[in-house]
Amino acid sequence: MYMAPEHVKGLAVDHRADLFSIGVILYEILTYRNPFMAPDMSAILYKIASEDPAPLSSLLPRCPPELEAVVRHALEKDKEKRYQSGEDFAFDLMRIADAFKRDMFEVYIDEGRRSFEEGDFEQAKDSLKKVLEIDSNHNIALHLLAKVKEQMLVVQNRRRIEEIVPEARDFLDSGQYDEAIRLLDEILSLDPDHAEAKESRQKAWEARARKSKASQHMENAGNLAEKGDLPATKAQLEEVLALDPQHTSAHALMGWVSRELAEQERQRNVRKYIAAARTRSEAKDYVRALELLEKARLLDPLNIELESLTRMVSSDQEKEERRKLLDERLAQIQRALDQEEFEQSLALAEQAAQEFPSDQRVKALHSQAARLAEIQRKRRYVDEELQVARTYFLRDQYAEAVAVLRRALEAVPEDIGLISFLKTIEEAQERGRLEFLRLQVVREASELIRSANFSLAIETVERGLARVGDSPELKGLLQLAREQQAAHQRQEQIRDVQ
């Protein structure tokens, strides 16, 4: 369907046949149909050679005559009348395209101006963008589009300001100054001359500054109160009330501070006497310490600390003596432990436990001494029993050795030495039993072989192997019995034949 007429007729073909094919493609692009469409191959070839395609105007009512002339020229049957070069073909098409662009520029720019004047900025922007899609450097379209965007921004800013002015007022009235300033800054960024926003922003800044200072002083007062610095706390609260005379939290805290300052003065004197009493007590001057505590009690009769400290001072001397005694007892126990005199260390620990029943160090050393003494007693007992069992073992008295070790294990069930030696003796005992059994089987089987009772001899050896296990000697004896039995049977067969 893209062949040139000369190609169909079998004539010479050159580059003008390609220009004909390009004309067919252009026709298809414009009409969405092939100019020589037919139901079969022969009909298509006939149309190419003999029929002109339907005019573009019959399919495109608004098709410019110039475009139809270009297509018709490209599809001339006679190649001499057709375009002679692609350059000529392209030139005519570009000329028509330029005319189209000029016509469309005027239409879209007129639409853009009209929409702009009517205040329909979105429509104006769309029309001008269509011009720039064709020619991105079109000066008139660029200039108009800039003015459209400027007016659109003005309208957009005005609407935004109308939206956020009530919000800014509400935030300002409710004391949310940060939010109010944020919105007022936005208004002024959109309209730097907005009078209400300027005035409100100034008020918000001043109110926020006062609130921030009051909050800072209040925070300082809270921190100082926690630290117990009430004079400085009072000074901070006075600053808060100067900025905000109605600050309820500051008034409440101020009342508490005033009461605490008076109480502190009294307690300061009490603490002074108590501190001096502690100093004298640390210096072992208990009489002077009690005198100072009595002066403090006159200022604060209900002070529990004073009563407790008085009792402490009275008992300090007794405690000091008991501490020295306790250190001496602990040192005696530790020395005995270091010298591995565990029985002596246990006796000393029991004495210390009676004197100091609640002391954890005494309890710990007593427990350690008892454990080590018990371990030492068990070790001695185990060594003695092992020596007895070893004597029996060397005499091959396995049963007696086993009995000694089992009796010892009842007393010391987890001793590795006893368990290991018992296992060694039991293994030796078992080996002896098997050796005795093996020798017995060898004697019985040998006697049976000598008496030519080979079947019983074989049975005896097999039974012995089952009980004794792998034994080269028994296996050899079994082989001998079987061979002797076989030889005996052959001799009997020979005699029977003779």
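**Helix packing and local backbone features**

Leu 309 is buried, with a relative accessible area of 3%. The model in which this value was computed is a predicted one. Leu 309 belongs to helix H14, which covers residues 304-338. When its neighbours within four places in sequence are set aside, Leu 309 is in contact with Ile 274, Arg 278 and Leu 293. Val 70 lies 239 residues from Leu 309 along the chain, and the C-alpha atoms of these two residues are separated by 121 Å.

Packed helix pairs were examined next. Two packed helices are described by the angle between their axes and the distance between the axes. For helix H12 (residues 248-282) and helix H13 (residues 286-299), the axes come within 8 Å and cross at roughly 170°. Angles over 145 degrees count as roughly antiparallel, and H12 and H13 are therefore roughly antiparallel to each other. On the H12 side the contact is made by Arg 266, Asn 269, Val 270, Tyr 273, Ala 276, Ala 277, Arg 280 and Ser 281. On the H13 side it is made by Tyr 286, Arg 288, Ala 289, Leu 292, Leu 293, Lys 295, Ala 296 and Leu 299. By class, the residues of the contact of H12 with H13 divide into ten nonpolar, two polar and four charged. Leu 293 of H13 is also one of the residues in contact with Leu 309.

Helix H15 (residues 342-355) and helix H16 (residues 360-394) have axes that come within 8 Å and cross at roughly 150°. H15 and H16 are therefore roughly antiparallel to each other. The crossing in which H15 passes H16 is left-handed. From H15, the residues Phe 342, Glu 343, Ser 345, Leu 346, Ala 349, Glu 350, Ala 352 and Ala 353 take part in the contact. Their partners in H16 are Val 362, His 366, Ala 369, Ala 370, Leu 372, Ala 373, Gln 376 and Arg 377. The contact of H15 with H16 consists of ten nonpolar, three polar and three charged residues.

H2 and H5 cross in a left-handed sense. Leu 19, Phe 20, Gly 23, Leu 26, Tyr 27 and Leu 30 of H2 meet Leu 67, Val 71 and Ala 74 of H5. This contact of H2 with H5 comprises eight nonpolar residues, one polar residue and no charged residues.

Helix H3 (residues 41-50) contains the buried residues Ile 44, Ile 48 and Ala 49. Seen down the axis of H3, these buried residues fall within an arc of 125°, so they line one face of the helix. The cover over the buried residues of H3 includes helix H1 (5-8) and helix H2 (15-31).

Backbone angles were also considered. Most residues other than glycine have a negative phi. Tyr 32, although not a glycine, has a positive phi of about 65°. Tyr 32 is placed in the loop between H2 and H3, and is exposed, with a relative accessible area of 78%. Ala 452, likewise not a glycine, has a positive phi of about 65°. Ala 452 is located in the loop between helix H18 (416-450) and helix H19 (454-468). The relative accessible area of Ala 452 is 40%, and this residue is partly exposed.

Key: Residues numbered from 1 in each chain as written. Predicted model: local features only at pLDDT ≥ 70, side-chain atom pairs only at ≥ 80, totals over all residues. Heavy atoms only, no water. Axes fitted to C-alpha atoms, helices over the stretch in contact; angles between N-to-C directions. Helix = DSSP H or I, 4+ residues; strand = E, 2+ residues; numbered from the N terminus. Parallel < 35°, antiparallel > 145°, perpendicular 65-115°, else oblique. Left-handed = near helix turned anticlockwise from the far one by under 90°. Contact = heavy atoms within 4.5 Å. Nonpolar A, V, L, I, M, F, W, Y, C, P; charged D, E, K, R; others polar. Buried < 20%, exposed > 50% of the residue type's maximum accessible area, 1.4 Å probe, protein only. Arc of directions from axis to C-beta.
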